[in-house]
Amino acid sequence: MNGPRIGTIMIKELRQISRDPATLGMLLVVPLFLLLMFGFAINLDTKHIRLAVLDLDRTQDSRDFLQSFLHSEYFDLDFVLDRESQIDGLLDTGRALVALVIPRDFGRDAANGKKVEIQAIVDGSNGTTAATAIGYVQAVAADYSQRAFVRSLERAGVTGMKTTIDFEPRVLFNPELRSANFLIPGLIVLILMMTAVLSTTLSIVREKERGTMEQIAVSPVQPFELILGKTVPYLVMSLVAAAAILATSRLLFGVTVRGSWLDLGLVTLIFLFGCLAFGVLLSTISDSQQVAFLLSALLTLLPTFILSGFVFPFRNMPGVIRAFSYLLPGRYYLAALRAIMVKGVGFWAFSDQVLALVIFAAAAGGLSVLRLRRQAR
Amino acid sequence: MSASTAGGAPPAGFGPAIRAEKLTKRFGAFVAVDSVSFEVPAGSIFGLLGANGAGKSTTIRMLCGLLAPTSGTATVAGSDIARNPEAVKRRIGYMSQRFSLYNDLTVEENIRFFGGVYGLSDREIEERRRETVHRAGLDGREKTLTRELSGGWKQRLALGCAMLHRPGIIFLDEPTGGTDPISRRLFWDVINQMAQDGTTVIVTTHYLDEAEYCNELVLMHAGRIVAQGSPGALKREVITGSVFEVECPDPVAGMSVLRGVPQVRETAIFATRLHVSLDRDEDLVAALSALEAAGLPVSAHGRIVPSLEDVFIRLIDRNGEAKA
């Protein structure tokens, strides 16, 4: 280990980064762009469902029933229909997501305790949204039906009736169930992994392409010194990017860090070290920037997006795929990040994840030094 | 300036700067360098000559520690390349045809980087920066980005960067490839200057005119050494007869005609002329009359001093025959 030598390489690397708009853009602009895109565009909350209603009854009761849908922000009454034939057109063009049909004699039958059938026609082309919408319709209808039942008992002279179970959910950690709280940590994982791996790989492969790597190989610089000199500047840049993402998501989406900043920094540092070492490893197997780019995109971006638990839950994955997800460092970092940012729990709660990240970093670092040594000789 | 600071040349009486013994490099089944042995006297300009793929660069890359030899040993600046590569690396400089400088750094930033990588102190870097800039003829352009320099300047700057730590031995792998004749000439002036200062220079080239500048030559072909010695000695030893230059209308047709003449040892095309090697001067008559008979009247002819190219062609042909 030779400090000044590593310093020389770092200074050179920072100079090159500062003169290369593409690298700077990749490290700072792309992350913010992704954040804005995902933050605003991906919204897993199903609210303001476009509702069309065909009220064949047109009584006070049917209007009451309809009102119970509109009390919440989940439904917007966009269309009031006259004929059943209008429904298909609205669903086909996507102007309405749910169409409710309230049958004739709804009020009278309900008052007499007769069974009433409400028809809800749902656009199922997006399964998730449709399932959520059906759930809301059922909940609202069940609530209405319960109240109607109690009322009819009271009319029959039975007083003092109460519903037996009073269901009152209390949601921990993310009480408003806002998907931004859930998505932003995933986004941080994705962005850091991509920029850290890609930028180191490209910076090394570029030197191979231009022949400067050979010039370093004939000098007394050791592989370990080269790795440190080349990765630490990108580590710093990635940390700056991470801080920028956190600041922006707080400003725009109100996402805060509930847990300890120290834990957050420590976990991020371990994760980034592993990513950078992995980037070095990839650079030893690619000879051109194109190959390096493809490899890093294929091995980091896609699996992290799909398999880290960012959007798709692990419990829905088939066994083999789920087993594969255990190999991804993003999986552990994301779990730790959600624990710190959303749950605000202490270090003990995610120590397993930290251990997994340390193992990944050590493996990637060790392998890349080995590969570099073998290449140098 | 003395060449024996920092790492420096091996002390006088230490023996050769480089000694290679049966160096061999295989890539799978392909033998790139086949049991090559030679010695490079300290302070000489030593040329490795051969066509592309002859094994020159592979040999140099093994001596610099960029490639591990499959078998054989070599001592560079007194250290074994396999056992003590770090000691070797501190004492050698290396420059390849690719001018390995950072295009997005300025002239002085490149110098600072390579100085730092070789562990020079700030004072040493500052001192040598001025000298290197001056030698490359780049005074006043220290803050220019390297990518804005033309080939010749880059090449001289690259050489300067490779010499910053004052190595006793400098390896130049096809240093003049792709540069204009004037830059090549200037570059060789610098090489000569370095040799006079006591640096051992090992240079690969396929320009045969450049080989004439070398004190010692090794001719390589298909991974093997086919001849070695000074340019003068090679010409004397290899070309025993005489070489005549002959001008006729269709040199390609002329060459095939002359190949049928038993007295002609060898024929080669040099631009629009033919070089004809003969054992005895009298045999020229037979060669000329064969050309006349084939309808290729000779417009001019004369005896010439054989060039290294003649030597080279003779050796490669001989080598091919020996193998066949």
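**Chain contact, helix packing and sheet arrangement**

In this predicted model, the contact between the two chains draws 20 residues from chain A and 20 residues from chain B. On the side of chain A that touches chain B, helix 1 (3–19) and helix 8 (212–217) of chain A each provide at least two residues. Helix 1 of chain A accounts for the largest share of that side, with 7 residues. When sorted by class, the side of chain A that touches chain B comprises 6 nonpolar, 7 polar and 7 charged residues.

Within chain A, helix 7 (residues 179–210) and helix 11 (residues 289–307) have axes that come within 9 Å and cross at roughly 165 degrees. Because angles over 145 degrees count as roughly antiparallel, helix 7 of chain A is described as roughly antiparallel to helix 11 of chain A. The crossing of helix 7 of chain A past helix 11 of chain A is right-handed. On helix 7 of chain A, the residues making the contact include A:Val189, A:Leu190, A:Met193, A:Met194, A:Val197 and A:Leu198, together with A:Arg206 and A:Glu209. Helix 11 of chain A contributes, among others, A:Ala292, A:Phe293, A:Ser296, A:Thr300, A:Leu301 and A:Phe305. The contact of helix 7 with helix 11 of chain A contains 12 nonpolar, 5 polar and 2 charged residues.

Chain B is divided into domain 1, spanning 18–229, and domain 2, spanning 240–305. The centres of domain 1 and domain 2 of chain B, taken over C-alpha atoms, are separated by 40 Å.

Chain B also holds an open sheet of 4 strands in the order 12-13-11-14, with antiparallel pairing. Strand 12 (264–270) and strand 14 (300–304) of chain B stand at the edges; each has a single partner strand, and therefore one side of each is left without a neighbour in the sheet. On average, neighbouring strands of this sheet are turned by 25 degrees against each other, direction ignored. The antiparallel pairing of strand 12 of chain B with strand 13 (residues 273–278) of chain B extends over 6 bridges. Within this arrangement, B:Leu274 in strand 13 of chain B is the bridge partner of B:Ile269. Helix 9 (residues 251–259) of chain B packs on the sheet, where it touches strand 12 and strand 13 of chain B. The direction of helix 9 of chain B makes about 170 degrees with that of strand 12 of chain B.

Notes:
Residues are numbered from 1 along each chain as its sequence is written. Chains are lettered from A and ligands numbered from 1 in the order in which they are written. This is a predicted model: local features need pLDDT of at least 70, side-chain atom pairs count only at pLDDT 80 or more; totals for chains, interfaces and linings use all residues. Two strands pair if DSSP finds at least two bridges between them. Axes are lines fitted to C-alpha atoms, for helices over the stretch in contact, and angles run from 0 to 180 degrees between N-to-C directions. Two residues are in contact if their C-beta atoms, placed from the backbone, lie within 7 Å. Angles under 35 degrees count as roughly parallel, over 145 as roughly antiparallel, 65 to 115 as roughly perpendicular and the rest as oblique. A crossing is left-handed if the near helix is turned anticlockwise from the far one by less than a right angle, and right-handed if clockwise. Ala, Val, Leu, Ile, Met, Phe, Trp, Tyr, Cys and Pro count as nonpolar, Asp, Glu, Lys and Arg as charged, and the others, Gly among them, as polar. Domain bounds come from an automatic or database domain assignment.
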